[in-house]
Amino acid sequence: MLTMAVPCTGAVRGRRSELPELLDHNPHLWWLGHGAQIVVVGGGLTQAASLLPPAAAGEPQHQSAAGLGGEDGNYPAVLDRPSGMPHPSPAPSPTPPGWPPPGWSPCGQYTTPEDPDGCRGIQVPGHTACLAHLADIDRDLYLAGLTPGTDIDHRGTPFTQRLLDALLYALRDPATEQPLFGAARFELATFPPHAWFRSSTFQGDAEFGSATFHGVAGFGSATFHRVARFGSATFEGDAEFGSATFHGDAEFGSAIFHRVARLGSATFRRVARFGSATFEGDAEFGSATFHGDAEFGSVTFHRHAWFKSATFKLHAGFESATFQGVTWWRLATFQGDAGFVSAAFQAGAGFGSATFHGVARFGSATFHGDARFGSAIFHRVARFGSATFHGVARFGSATFHDDAGFASAIFHGDAGFGSATFHRDAGFASASFERDAGFEQAAFERSVSLGPLVCAGRVMLSGAVFSGPVTLSFAARRVECRRTRWSSTAELRLRYATVYFAHAVFEYPLTIAAEADPFVLPDGQPVIEQAFADAPNATVRIASLRGVDAAHLLLADLDLSGCLFTGTVHLDQLRLEGTCSFDKVPPRTHWRRWRPVRFTQRSTLAEEHHWRANQPTAIPGWNLAVFSAGHVGPAQLAPVYRALRKAFEDSKNEPGAADFYYGEMEMRRHDRTGTTRAERGLLYGYWLLSGYGLRASRALGWLAAAMLVTIMLLMGFGIPQDTPKQEATGYVPPDGGKITFEIDKADPRNPTGNRFTGERFEKALNVTLNSVVFRSSGQDLTTVGTYIEMASRVTEPVLLGLAVLAVRNRVKR
């Protein structure tokens with residue numbers, strides 16, 4: 001910028017179009033081109049003006065900056081004000097301790113009782129006032145002496161709009177037509193509503209610490225070659241740093257952004273420090289690139305924080321940060337460690353499709369809104385230990401290449417890990433889910449130990465794939481494992497849960513067992529089960545095993561009363577250990593129309609309950625509300641009972657097998673499709689006489705009835721009136737010789753008179769008792785009595801045998 005001083009008697013005023021005429025009338029005045037200054041001297045140096053080009057595209061036009069340029073404001077003036085305009089008076093503020101700092105000679109003008117120190121702007125070199133309070137001539141000469149790239153120091157200076165515009169124009173580089181700073185010091189300075197540093201270049205340190213921007217702070221596309229310090233600065237308007245480039249450290253610690261802070265597409269080549277900064281408006285960091293550490297510890301975001309597609313090359317530290325608005329991190333890339341320890345997300349946090357190449361630390365973080373990590377990729381350890389999720393936690397389709405740690409995490413809302421992939425351990429020890437925990441379609445590539453955890457809702461593992469050995473320890477209300485695939489050994493240790501295991505596939509031994517006592521953590525402390533404080537017991541129930549190949553399945557201490565077994569493959573190889581209970585038949589005696597009905601207690605299947613409850617003559621007590629029982633009848637239930645009977649027999653549990661044999665025979669008796677009428681009749685008789693050889697009391701009852709009938713018949717018709725006596729008849733030959741005797745016995749006579757006497761009862765009882773043991777009593781009987789005895793010797797030993805068989809089946813081991 002070239003400055004000329006010539007003698008002249010008047011002030012230069014007029015539009016740029018009037019300059020040729022002005023120059024023609026004053027031969028001592030030269031126009032030296034765009035950016036040149038004309039200094040007019042008359043009697044003394046009285047006025048200076050800049051012939052400025054029009055404002056660059058995108059920069060604000062300031063009517064107040066017309067100055068000496070005329071009414072249309074085509075070019076601003078370098079003057080802060082016309083001659084005679086009062087100097088700016090800064091608002092009084094508390095004097096900081098240790099004021100003034102070493103090397104800082106404050107202006108000190110405009111002191112008041114409230115502000116005895118006056119203006120804190122640093123004195124312009126060679127003067128006793130700051131740039132804002134210099135005499136007009138001194139300030140104009142100072143600005144005229146600036147060249148692009150000059151180091152400037154205007155700490156504490158209260159800039160007005162025209163003064164700032166003049167300073168920026170004085171430093172404008174002719175090659176780029178943008179301001180070019182060397183080292184720039186603006187600590188504690190105050191800036192007008194439009195501080196437009198857009199596309200400026202700072203070749204030295206840029207110091208804006210504790211500066212105040214009363215309006216828009218425009219640093220868009222600015223370039224900072226060295227350190228840029230905005231620590232404790234206050235931005236009362238929008239802060240525009242979009243596409244800015246920071247080659248040195250960028251320090252915004254404790255800065256306050258009252259409105260929108262736009263740093264989208266900004267590039268931070270070294271450390272970016274925003275620690276303890278406050279963003280009262282939206283904070284936009286979309287597509288920003290942090291090549292060095294990004295330090296956002298203890299930052300407070302009062303509104304939305306936008307980090308979509310941002311890239312963090314090294315450590316990203318958001319420890320103890322507070323996000324009061326919604327935060328977006330979608331497609332963000334963390335190539336170093338990401339630290340969100342103790343961070344608080346008051347609204348939703350969206351990390352969908354984010355990529356974490358380093359350790360992701362979210363320990364003790366609090367998510368008050370929904371936490372979305374869908375499709376996120378964690379290449380190293382993901383630590384969410386002791387984190388609290390008050391809203392929905394969505395990790396669907398996320399990929400964990402290293403350990404995923406959720407120990408002691410608390411999920412107040414639903415937790416969704418559907419279709420997530422865990423390449424290493426997934427640690428949920430002591431985690432608590434107050435609602436559902438969804439792992440549908442999740443893939444666990446290596447050995448995994450889930451839990452012990454507490455889930456007040458459902459743990460959903462349907463469709464999940466476990467490629468390695470797995471141990472699941474859940475205290476949950478419901479565990480769903482439909483179509484879950486287990487490619488190695490697995491053990492499910494459960495409490496309180498109802499398990500749905502339909503169509504699960506496993507190729508190796510799998511154990512489902514109930515835990516009687518609370519789970520214990522590695523440190524010896526029991527897992528807190530506050531969610532189940534109202535539960536009467538910790539019983540674990542199996543709801544369905546349909547479609548399962550039970551060849552490798554072991555069930556221990558489970559309630560199988562509501563379990564659906566139809567459709568289970570290799571059910572005969574199922575192993576039942578401990579106390580596995582089944583449903584029972586309705587208790588007590590019920591009336592079916594006019595006759596009583598009573599079922600002997602036995603173990604039954606849930607499907608039989610459902611089938612019997614749907615019969616027209618069903619009695620109360622059969623459970624109709626069996627979930628998904630479907631159209632199952634005796635033909636389908638008989639093989640199930642048979643297979644379970646064999647499973648009990650193989651485990652040497654004959655009494656347990658007896659109940660399932662009874663159930664099998666019952667289903668065969670009621671089956672009208674696979675059992676012939678003759679067979680059903682035979683089974684009916686078998687059931688009627690002895691309960692299929694399993695009800696000793698029934699057989700003994702029939703035996704007693706048969707004996708009583710036999711006794712009564714013998715007394716009435718079988719015992720003769722009198723015991724026949726033997727008679728010997730002989731003939732003596734007339735001529736002597738041997739005497740021949742014929743001994744004969746009279747036929748028993750049918751009884752007459754009183755037949756029911758004690759003597760006759762004793763004889764009938766003797767005959768009957770001998771018939772029971774298949775022996776002959778030797779008692780003389782009438783013809784009818786002989787047939788009665790024959791019938792007795794056939795039926796009563798059979799009934800006795802059935803009773804003995806029933807007792808044996810109940811006590812055999």
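**Notebook: loops, rings and salt bridges**

I began with Leu188, which is partly exposed at a relative accessible area of 32%. My cut-offs here: buried is under 20% relative accessible area, exposed is over 50%, and partly exposed is in between, with a 1.4 Å probe and protein chains only. The model is a predicted one, in which local features need pLDDT of at least 70 and side-chain atom pairs count only at pLDDT 80 or more, while totals for chains, interfaces and linings use all residues. Residues are numbered from 1 along each chain as its sequence is written, and side-chain values use heavy atoms, with hydrogens and water left out.

Leu188 sits in the loop between strand E7 (184–185) and strand E8 (190–191). Helices (H or I, at least four residues) and strands (E, at least two) are DSSP runs, numbered from the N terminus. I found Ser232 in the loop between E15 and E16, where it counts as partly exposed because its relative accessibility is 36%. I also noted a cis peptide bond between Gly451 and Pro452, with omega about 5 degrees; Pro452 belongs to strand E55 (residues 448–460). For context, most residues other than glycine have a negative phi, and most peptide bonds are trans.

My search of the whole structure for aromatic pairs returned 126. Why is the pair Phe197 and Phe219 called stacked? Their ring centres are 4.8 Å apart and the planes stand at 0 degrees, so the pair is stacked. The rule takes rings of Phe, Tyr and Trp (its six-membered ring) with centres within 6.5 Å; planes under 30 degrees apart are stacked, over 60 edge-to-face, and the rest tilted. Phe197 is in the loop between strand E9 (194–196) and strand E10 (201–202), and Phe219 in the loop between strand E13 (216–218) and strand E14 (223–224), so the pair ties together parts 22 residues apart in sequence. Both Phe197 and Phe219 are buried.

Next I checked Phe230 and Phe252, also a stacked pair, at 4.9 Å centre to centre with 5 degrees between the planes. This pair links distant parts of the chain, 22 residues apart: Phe230 is in the loop between strand E15 (228–229) and strand E16 (234–235), and Phe252 in the loop between strand E19 (250–251) and strand E20 (256–257). Phe230 is buried at 0% relative accessible area, and Phe252 counts as buried at 0%.

How many disulfides does a search of the whole structure find? It finds 0, with a disulfide taken as two cysteine sulfur atoms within 2.5 Å. Cys107 is in no disulfide, and the nearest cysteine sulfur, from Cys130, is 4.0 Å away. Cys107 is buried, with 9% relative accessible area.

Arg262 and Asp238 meet in one at 3.2 Å, N to O. That pair links distant parts of the chain, with Arg262 in strand E21 (residues 261–262) and Asp238 in the loop between E16 and strand E17 (239–240), 24 residues apart. Which partner is buried? Asp238 is, at 13% relative accessible area, whereas Arg262 is partly exposed at 27%.

Arg394 and Asp370 form another, at 3.6 Å, N to O. Here too distant parts are linked, 24 residues apart: Arg394 lies in strand E45 (residues 393–394), Asp370 in the loop between strand E40 (366–367) and strand E41 (371–372). Arg394 is partly exposed at 37%, and Asp370 is partly exposed at 23%.

I then looked at Asp559 and Arg541, whose closest N and O atoms are 3.5 Å apart in a salt bridge. Asp559 is in the loop between strand E64 (553–556) and strand E65 (575–577) and Arg541 in strand E63 (residues 541–544), 18 residues apart. Asp559 is buried at 12%, and Arg541 is partly exposed at 33%.

Key: Salt bridge = Lys/Arg side-chain N within 4 Å of Asp/Glu carboxyl O.
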